Amino acid sequence: MKAIVLREHGDNSRFALEEDFPDPRPEKHEVIIRVKATSLNHHDIFTRRGMPGITLSFPVIIGLDVAGEIVALGEEVTGWTIGDRVLVDPIDRVDGGLIGETRHGGLAELCRVPAHQLIALPDAVSFAEAAALPVAYGTAYRMLKHIGRIQAGERVLILGASGGVGVCCVQLAKLAGAEVIACAGDAEKAERLRQLGADDVILYRDEDFMKAIYARYGKPHRLKGAAQPGGVNVVVNFTGGDTWVKSLRVLRPRGRLLTCGATAGFAPTEDIRFIWSYELQILGSNIWDREDLHDLLQLVAERKLQVVVDRQWPLARGIDALAALEARQVFGKVVIA
């Protein structure tokens, strides 16, 4: 089969499109999927670079999010038939492991998956839509619904709003009835975020987002019950780096800072004074539950949630697609069809 293969850590030059990578064969509890779509995530970039504490067994085919059709069944697989349309939950919740990291992933024509990781794909959801869901939308769903518990009437600031997680956060916050402020890098992305429901957009390359919040909404007031509290109730920050302390400084008393990653740096400067004096809550959110993926598929099937795909790339240009994601040249999800 054709596959994009990583044989050692490094930059994108370490990938190669191989024409004759061995076809996978199913073990007794596994299936083989003909991959119709896979989406790329920042996790794929981290896998390529190498992550502290995680040792890979090379070669590796990346691509955590996989959707396709079953083409072969292991001898003890029940409940599935050849031709079924499926989405893969990337996390092996029985034996551990992760598709696209400890198991070969979706940047290939075929993918071998334990049957217990399969989710039936509704006819109303396309392969590209499904493949965009688990890592980005699943993460956003858990963070806003279960961890952050966004409420109607709250003011929510979303950093990195034009990426895969961000565009879902904008929509979910609006579905909850919140006032949404999104941060974007340029006017074109800003307009697309408004179309998704953002009430206001800050162009972070033109103005400091903390100063923009102060100018438009006022500084947070330290006194509880202040008539003009200013600031925001919630900040969604999965960038880290030099945005961290500024995120603390725009929160109202008992405000919530939600984080699920650190794409701009995991060891930022901290200012603990704001945490205790404003009684702030720093809430981490990690991955998603299986039920979250079912909920997301239903929302997409009912057209209550839009899957934002920047562009679909062919497998032969999968390395270019990852480069575009790393350079932040995308809006929404990057899908390999």
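Which loop holds Pro 59? Pro 59 is found in the loop between helix 1 (42-49) and strand 4 (65-73). Helices here are DSSP runs of H or I with at least four residues, strands are runs of E with at least two, and both are numbered from the N terminus.

Before going on, the ground rules. This is a predicted model: local features need pLDDT of at least 70, side-chain atom pairs count only at pLDDT 80 or more, and totals for chains, interfaces and linings use all residues. Residues are numbered from 1 along each chain as its sequence is written, and side-chain values use heavy atoms, with hydrogens and water left out.

Phe 58 and Pro 59 are joined by a cis peptide bond, with omega about 0 degrees. Most peptide bonds are trans, and most residues other than glycine have a negative phi.

Now two residues with positive phi. Ile 287 is not a glycine, yet its phi is about 50 degrees. Ile 287 sits in the loop between strand 13 (281-284) and helix 9. With a relative accessible area of 34%, Ile 287 is partly exposed. Buried means under 20%, exposed means over 50%, and partly exposed is in between, using a 1.4 Å probe and protein chains only.

Arg 303 is the other one. Its phi is positive, about 60 degrees, and Arg 303 is not a glycine either. Look for Arg 303 in the loop between helix 9 and strand 14 (309-313). Arg 303 is partly exposed because its relative accessible area is 49%. Not counting residues up to four places away in sequence, Arg 303 touches Ala 124, Val 125 and Glu 129. Contact means heavy atoms within 4.5 Å. Lys 145 is 158 residues from Arg 303 in sequence, and 18 Å away in space, C-alpha to C-alpha.

Next, the overall layout. The chain is divided into domain 1 (3-134 + 289-336) and domain 2 (148-284). Those bounds come from an automatic or database domain assignment. Taken over C-alpha atoms, the two domain centres are 30 Å apart. How many residues of each domain are in contact with the other? It is 11 residues of domain 1 with 13 residues of domain 2.

On to the packing. The largest nonpolar core has 57 residues, and Tyr 137, Leu 144, Val 170, Leu 193 and Val 236 touch the most other members. A nonpolar core is a set of buried Ala, Val, Leu, Ile, Met, Phe, Trp, Tyr and Cys residues joined through side-chain atoms within 4.5 Å. Several elements each supply at least two residues of this core, including helix 3 (133-147), helix 4 (164-175) and strand 9 (179-184). Helix 3 gives the largest share, 8 residues. This core also draws at least three residues from each of domain 1 and domain 2.

Take Tyr 137. Leaving aside neighbours within four places in sequence, Tyr 137 is in contact with residues including Val 167, Cys 168, Leu 296, Val 307 and Lys 333. Apart from this core lies another, of 26 residues, among them Phe 15, Leu 322, Ala 324 and Ile 336.

Two buried spots are worth a look. Gly 241 lies in the loop between strand 11 and helix 7 (244-249). At 17% relative accessible area, Gly 241 is buried. Beyond four places in sequence, Gly 241 is in contact with Ala 264, Gly 265 and Pro 268. Glu 302 is 61 residues from Gly 241 along the chain, and their C-alpha atoms are separated by 37 Å.

Val 245 is in helix 7. Val 245 counts as buried because its relative accessibility is 15%. Leaving aside neighbours within four places in sequence, Val 245 is in contact with Thr 269, Glu 270 and Asp 271. Val 245 and Asp 271 are 26 residues apart in sequence and 6.2 Å apart in space, C-alpha to C-alpha.

That's the tour. Please have Pro 59 and its loop between helix 1 and strand 4 on screen for the discussion.
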